[in-house]
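Visitor: Please take one part of this chain and look at it closely. Then follow its links out into the rest of the fold.

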Amino acid sequence: MQNDKNVKNALDKKAAYGPDVDINAFKTGTYTPDKIDNIEETDTDMKDRMVNVGVTPCKSGRSGTMLFVDNGPSHISSCNDDIELMSLRDAAKRYDLSEYLWKAVSPDKDKYTAKSYLEEADGYFIRVRAGKHVKTPIQTCMLINRNKQMQNVHNIIIVEENASLEVITGCTTSKHATESLHVGVSETFIKDGGSLSFTMIHNWGDKMHVRPRSGIIMERNSRFVNNYVLLNPVGSMQSYPVTYLNGEGASAKFNSICLAHEGSDIDVGSMVILNAPGTSAEIISRSITLGGRMMARGKLVGNAAGAKAHLECRSLVLNDNGLTSAVPELESNVADVEMTHEAAVGKIARDQVEYLMMRGLTEDEAVGMIVRGFLEGGISGLPDHLKREIDAAVEKANLGS
């Protein structure tokens, strides 16, 4: 049982990183949005915004879909008996979730988690049954529909023993919500032999404030791959998921791709704590500043013999008004670990551009090709839809100009 007094005190607790946001400047969004029976019948604007964050309004190729508008579910559909997909509030009525709720993220971590805890925020509940391998992804979309609103969501994903699952989640706003706050608490539990691929695509606005709070707890021989993509302007973004490799042989990989547009303040990273023998982790970060502030963090903590991990932060500066910083950290509390890190900040080499121009490309085409290669470089197995997102963002940003 949580200490509610400590949580209430945390309402004034600033986050460890990123700019502070006055949560009292935003009203809590509705928990009862209009219901959408057929996701393909949503209006054109909503469809376009969903597609822009990797969520398709077509059922083909998806095991389930959940659309959250402001603070409540607007649409839930599932076509696979091997999974459970419902709102967290409905799941709490059906099951005893005491072993999961607020076990991967502390409610008194900061003001954002405290707000979600005290308001008993709703969100999605996803569980894949033991031994089941779901071949097509589950997709979720978190959309803010009203201006000056706070979206509070609390999500739980459970991958049971020897099961596998892919989740694609997209977060965005409607044309009506130009200046709002998104707070998303996500707790993920991957049990023995389980595997989860999780892709998050953010497409916000230049006055939006975004504060995800994520924790992942992994058991023996489990696998986790996390892809995070932010390619469009945002007011401020701060995220630092923490993963606990508690079972022998567990492994986690984090890939992040960010563009910091002028006026954006982005502070993102991840931490992996290797608590069991034979665990492994990899954190790969690729970022570009186009005039915004870009802070890339990463931390690996080795607490068990035989742990192996690598951390890589690389950033390009394409505008003299931008700021970028890479903060890699390694910590070991035992002797028998192998952990490495690389960090690099720089600009596009002129000789690379000239080499490509000699082969018939324009300067813009050459710069675009280099940028695409940089963003995708070092990240193995990047899904095709993310590659398309990168191509579109590079073209939209006109990076060669």
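Guide: Start with isoleucine 23, in the loop between H1 and S1. Helices here are DSSP runs of H or I with at least four residues, strands are runs of E with at least two, and both are numbered from the N terminus. This is a predicted model, in which local features need pLDDT of at least 70, side-chain atom pairs count only at pLDDT 80 or more, and totals for chains, interfaces and linings use all residues. Residues are numbered from 1 along each chain as its sequence is written, and side-chain values use heavy atoms, with hydrogens and water left out.

Isoleucine 23 is buried, at a relative accessible area of 5%. Buried means under 20% relative accessible area, exposed means over 50%, and partly exposed lies in between (1.4 Å probe, protein chains only). Isoleucine 23 has contacts with Leu11, Lys111, Tyr112, Lys115, Met150 and Leu181, once neighbours within four places in sequence are set aside. A contact means heavy atoms within 4.5 Å. Aspartate 192 is another matter: 169 residues along the chain from isoleucine 23, with 39 Å between the two C-alpha atoms.

Now take S7. Strand S7 runs over residues 149–159 and holds glutamine 149. Glutamine 149 is buried, with a relative accessible area of 10%. Not counting residues up to four places away in sequence, glutamine 149 touches Phe26, Lys27, Thr28, Gly29, Ile144, Glu179, Ser180 and Leu181. Histidine 182 is 33 residues from glutamine 149 along the chain, yet 8.4 Å separates their C-alpha atoms.

Strand S6 (residues 138–144) joins S2 through six bridges, and the two run parallel. Threonine 65 has glutamine 139 as its bridge partner in S6. Two strands count as paired if DSSP finds at least two bridges between them. S2 also joins S3, again by six bridges, but antiparallel. There threonine 65 stands opposite serine 77. S2 and S3 make a hairpin with two residues between them, and aspartate 70 in the turn has a positive phi of about 55 degrees.

How well covered is S2 (residues 64–69)? Six of its six residues are buried, so the rest of the structure largely encloses it. One side carries Gly64, Met66 and Phe68; the other carries Thr65, Leu67 and Val69.

These strands belong to an open sheet of 10 strands with mixed pairing, in the order S3-S2-S6-S8-S10-S12-S15-S17-S19-S21. Strand S3 (72–78) and strand S21 (337–346) are the edges; each has a single partner strand, so one side of each lacks a neighbour in the sheet. From one strand to the next, the twist averages 5 degrees. Further along, 10 bridges join S15 (residues 251–260) to S17 (residues 280–289), and these two run parallel. Leucine 259 has isoleucine 288 in S17 as its bridge partner. Helix H6 (residues 363–376) lies across S15, S17 and strand S19 (307–317), at about 155 degrees to S17. Such angles run from 0 to 180 degrees between N-to-C directions, using axes fitted to C-alpha atoms, for helices over the stretch in contact.

Next, the cores. A nonpolar core is a set of buried Ala, Val, Leu, Ile, Met, Phe, Trp, Tyr and Cys residues joined through side-chain atoms within 4.5 Å. The largest has 53 residues, with Ile157, Leu165, Leu196 and Phe224 making the most contacts inside it. Apart from it lies another core of 28 residues, among them Val55, Leu143, Ile288 and Leu356.

Last, the whole chain. It has seven helices and 21 strands. Its radius of gyration is 21 Å, close to the 21 Å that the globule rule gives for 401 residues, so it is as compact as a globular protein of that length. That radius is taken over C-alpha atoms, and the rule is 2.2 Å times the number of residues to the power 0.38. The C-alpha trace spans about 65 × 55 × 45 Å along its principal axes. Of the 401 residues, 56% are buried.
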